[in-house]
Amino acid sequence: MSEALQSLVDLLALERIEHDIFRGRSHASIVPRVFGGQVAAQALVAAGRTVPADRPAHSLHAYFLRPGDPGAPIVYTVDRIRDGRSFTTRRVVAVQHGQPVFHLSASFQAPEEGLEHQEPMPPAPDPLDLPTAAEMLPRYADRFVDRSVADRLVEARAAIDLRYVDEPPFATAGEPRAPRSQVWFRAQGKLDEAAGGAIPRPLLDICLVTYVSDMTLLDSVLLAHGRGGWAVGDVVGASLDHAMWFHRPFRADEWLLYDQESPTAQSGRGLGKGRIFTADGQLAVSVIQEGVIRVPRA
């Protein structure tokens with residue numbers, strides 16, 4: 001396991017300060033707020049640590065209420081809403097400075113046989129034929145509002161090997177494209193069964209993918225309007241809500257294809273939809289997110 005990945009796993013391994021209360025910290029952020037994928041993943045860890053390990057998460061629904069302060073701890077309080085024969089439901093509220101900053105509801109299910117079908121995996125090139133973030137991002141440093149953003153983005157994504165199939169929004173700013181994008185990703189290094197410590201292995205995989213799911217989902221909104229994103233300075237925005245459904249088992253340290261699109265944008269908001277496939281074509285996760293996306297005033 002790489003040092004960066006171990007640091008991310010340690011970040012997700014929350015401190016238990018009471019029976020159903022946990023405390024987390026944040027990594028330094030390249031924007032003046034906590035990364036949304038981090039708080040979503042930590043909240044899911046908190047919920048999952050109150051559920052039997054043989055009941056994996058099958059869905060989450062979350063709202064980002066206030067910008068998180070990366071310099072302060074985050075306290076996660078878990079409510080045990082229901083423990084049924086098949087399903088377990090938890091609600092988590094993340095609090096900083098006495099105010100809720102994030103709210104999550106998650107459902108967990110005991111394994112069960114049933115009807116099965118799925119959409120086919122879309123075509124995509126081999127991830128090993130695509131440039132890494134460290135190879136690709138410095139090429140566009142002169143397009144960012146600050147050339148150091150490229151280095152900071154590489155550092156922020158060091159725990160995840162994320163590779164764009166097509167050029168990202170900041171590479172084609174000013175040129176509207178179809179509102180679709182794809183990335184391949186995997187954890188930067190192999191995870192052994194004890195990697196998560198207090199986090200059971202299936203939950204660790206799900207939480208790592210939850211962390212990554214917030215990185216690029218709104219890219220397709222930007223592509224439709226030829227916008228480069230916050231690093232270019234032609235939009236400002238933030239995640240509003242986030243929903244995920246976990247369909248089939250996967251490993252976060254093996255290649256996953258994140259196929260994303262935006263069906264609509266309006267009223268200063270844009271909607272992103274994503275499907276995450278395993279390399280052998282299994283539809284593993286579905287994701288939907290809405291975010292604020294505004295053009296800066298002169």
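Trainee: How many bridges pair β3 with strand β6, and in which sense?
Mentor: Seven bridges, in the antiparallel sense, with β6 covering residues 99-109. Strands here are DSSP runs of E with at least two residues, helices are runs of H or I with at least four, and both are numbered from the N terminus. Two strands count as paired if DSSP finds at least two bridges between them. Within that pairing, Ala57 stands opposite Phe108 in β6.

Trainee: Before we go on, what kind of model is this?
Mentor: It's a predicted model, where local features need pLDDT of at least 70, side-chain atom pairs count only at pLDDT 80 or more, and totals for chains, interfaces and linings use all residues. Residues are numbered from 1 along each chain as its sequence is written, and side-chain values use heavy atoms, with hydrogens and water left out.

Trainee: Okay, what about β5 and β6?
Mentor: Strand β5 (residues 87-96) runs antiparallel to β6, and ten bridges join them. Arg91 has Ser105 in β6 as its bridge partner. The two strands form a hairpin with two residues between them, and His97 in the turn has a positive phi of about 50°.

Trainee: What's the order of strands in the sheet?
Mentor: It's an open sheet of twelve strands, with antiparallel pairing, in the order β1-β2-β4-β5-β6-β3-β9-β12-β11-β10-β8-β7. The edge strands, each pairing on one side only, are β1 (15-18) and β7 (160-164). From one strand to the next, the twist averages 25°.

Trainee: Which helix packs on the sheet?
Mentor: Helix α5 (residues 201-213) does, touching several strands, including β3, β9 and β12. Its direction makes about 150° with that of β9. For such angles, axes are lines fitted to C-alpha atoms (for helices over the stretch in contact), and the angle between N-to-C directions runs from 0 to 180 degrees.

Trainee: Is α5 mostly covered or mostly open?
Mentor: Mostly covered: twelve of its 13 residues are buried. Buried means under 20% relative accessible area, exposed over 50%, and partly exposed in between, using a 1.4 Å probe and protein chains only. Among the buried ones are Leu203, Ile206 and Cys207.

Trainee: What does Leu44 touch?
Mentor: Leaving aside neighbours within four places in sequence, Leu44 is in contact (heavy atoms within 4.5 Å) with residues including Ala57, Phe108, Leu203, Ile206 and Cys207.

Trainee: Switching topic, how many aromatic pairs are there?
Mentor: Seven. Rings of Phe, Tyr and Trp (its six-membered ring) pair if their centres lie within 6.5 Å; planes under 30 degrees apart count as stacked, over 60 as edge-to-face and the rest as tilted. One of the pairs is Phe35 with Tyr211, edge-to-face at 5.1 Å centre to centre and 80° between the planes. Phe35 lies in the loop between β2 and α2, and Tyr211 in helix α5, so the pair ties together parts that are 176 residues apart in sequence.

Trainee: Are those two buried or partly exposed?
Mentor: One of each: Phe35 is partly exposed at 25% relative accessibility, while Tyr211 is buried at 8%.

Trainee: What about Trp184 and Trp255?
Mentor: Their ring centres are 6.4 Å apart and the planes sit at 85°, so that pair is edge-to-face. Trp184 is in strand β8 and Trp255 in the loop between β9 and β10, 71 residues apart. Both are buried.
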